[in-house]
Amino acid sequence: MNGHETSDRLVVPQKLPNNGDARRGSARAEGVEGSGRAKGNPGQQTTPRTQGRSHGVPSALERIREAAGRDKRMRFTALLHHVYDVDALRAAYYQLQRNAAPGVDAVTWRAYGEGLEDNLQALSEQLRRGAYRARPVRRTYIPKPDGRQRPLGVPVLEDKIVQRAVAAVLNGIYETDFLGFSYGFRPGRSPHDALDAFWMGLMTRRVNWVLDADVRGFFDAIDREWLVKFVRHRVGDQRIVRLIEKWLAAGVLEDGVRTWSETGTPQGGSISPLLANVYLHYVFDLWVHWWRGQYARGQVIVVRFADDFVVGFEHRADAEAFQAALIERLAKFRLELHADKTRLLEYGRYAAVNRRRRGQGKPETFNFLGFTHISGQTREGRFMVVRRTQRERGIAKLRAIRAVLRKRRHRPVAQTARWLKAVLQGHYRYYGVPGNYRSLKRSRDQTIMAWRQQLNRRSQRGWVDWARMIRYAETWLPPTRIHHPAPSRRFRVRT
């Protein structure tokens, strides 16, 4: 069906809720969340094309979204013209990071922008005529919190532009399909939304066991044949499908050597997060929703952020049966759980009592999205999910700060202070959740100590005593503070 279909108003379809028991209709652990506007929708497309036309007329991408929401089986056969539209390409260009590393052609964002209109017009013509060719991605590596290196693919700038434009169109379709417990790389959703949803599930549902799971090398293990089949469920425009196939087959350039792989999608491209969500939507999300409705005897909650997901169970038998079925399910699609990062553990309001009765010590903890989740208590003795900064993340952050401070050792104090202020503010904005004050305070104290250490190494006569260091910290560094509201408060407002 053509993607031009119009409607008088925007229809926001109802998402499948993250409920406790789909068969019994029990209380929901995650309410239905409305769908935000698709990420990357070019604002220019809402501009009236003729004088006197109403500004309330839905844009082309909004009409695609409406049509996708009305008919879950619709296949869109005419989408490419939304991609090669120069306004859409221009909007995609301005949404890219200005200072991002260039690809194999060494063209930067600013250099491309010097002849922007001519470049976009030429790119549009290439897409229109089918002459567009994807370039190989440049392989680079970024450090992970555990000390290993994460491979990252850097596409050329024009590939980034086209990928962003395609993602804007496809988001309008898939945001009506994706389930409520999927949070990673989606418009209007953040890691803290996923954290809030899981916190609410642990606090309000009968959760006694948690499966903390991670898919081994997910982005490198994606089966491309299955991925294209999944895309074709909704996308009937073969020109869009061929674009995706071109990006998947473009290869990787590392140390001057170009290599190809039969599986995976490079991390770093604008389209990769969306393709990953499409893959896991069919492989994991729909299957989980079906499984807990068919086989679970008790309540089951699930939250997924990209390939990192956690599942809570009322009964251990459900948890063990689910884990066995999940391993079999993933194997059908060339995926497997990471043995070292996947654990089934006792957790919840009765875990401490049950483990103490069995002589097993305190309940185990698990990590999710950078936070260690602890089965704790309030001052009144009631169960409480306590979240602390994951130890490995804190160590990695301090190590990175020390490395930069060594390079900045001889710069003016005020200049280094401004940089440290920005670092701490960013740290507080992510890890500043209720109950994590002490971890934040420790990070600030360790940062001050590292700064003082580097100041004292500037010269033998430039010793900075603690009184002076405290004045520096009080003058330039932000105080420790909690940025985020209570999970229950924000979650209820959003849902």
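Helices here are DSSP runs of H or I with at least four residues, strands are runs of E with at least two, and both are numbered from the N terminus.

Before I go on, a word on what you're looking at. This is a predicted model, where local features need pLDDT of at least 70 and side-chain atom pairs count only at pLDDT 80 or more, while totals for chains, interfaces and linings use all residues. Residues are numbered from 1 along each chain as its sequence is written, and side-chain values use heavy atoms, leaving out hydrogens and water.

Back to our helix pair: who makes the contact, meaning heavy atoms within 4.5 Å? From helix 9 we have Arg224, Leu227, Val228, Val231 and Arg232, and from helix 10 Gln238, Val241, Ile244, Glu245 and Leu248.

Next, please find Arg186, in the loop between helix 6 (157–174) and helix 7 (191–204). Is Arg186 buried or exposed? Arg186 counts as buried because its relative accessibility is 3%, and the cut-offs are under 20% relative accessible area for buried, over 50% for exposed and partly exposed in between, with a 1.4 Å probe and protein chains only. What does its side chain meet? The side chain of Arg186 makes a polar contact of 3.0 Å with that of Glu175. A polar atom of the Arg186 side chain also lies 2.7 Å from the backbone oxygen of Ser182. A polar contact is a pair of N or O atoms within 3.5 Å; within protein, one must be able to donate a hydrogen and the other to accept it, and residues adjacent in sequence count only if both atoms are side-chain atoms.

My last stop is Val210, in strand 5 (residues 209–214). Val210 is buried, at 0% relative accessible area. Its C-alpha atom is 6.2 Å from that of Tyr347, 137 residues apart along the chain. Leaving aside residues up to four places away in sequence, Val210 touches several others, including Phe198, Leu202, Tyr347 and Phe366.

Zooming out, the protein has 18 helices and 13 strands, and 52% of its 495 residues count as buried.

Conventions. Contact means heavy atoms within 4.5 Å.
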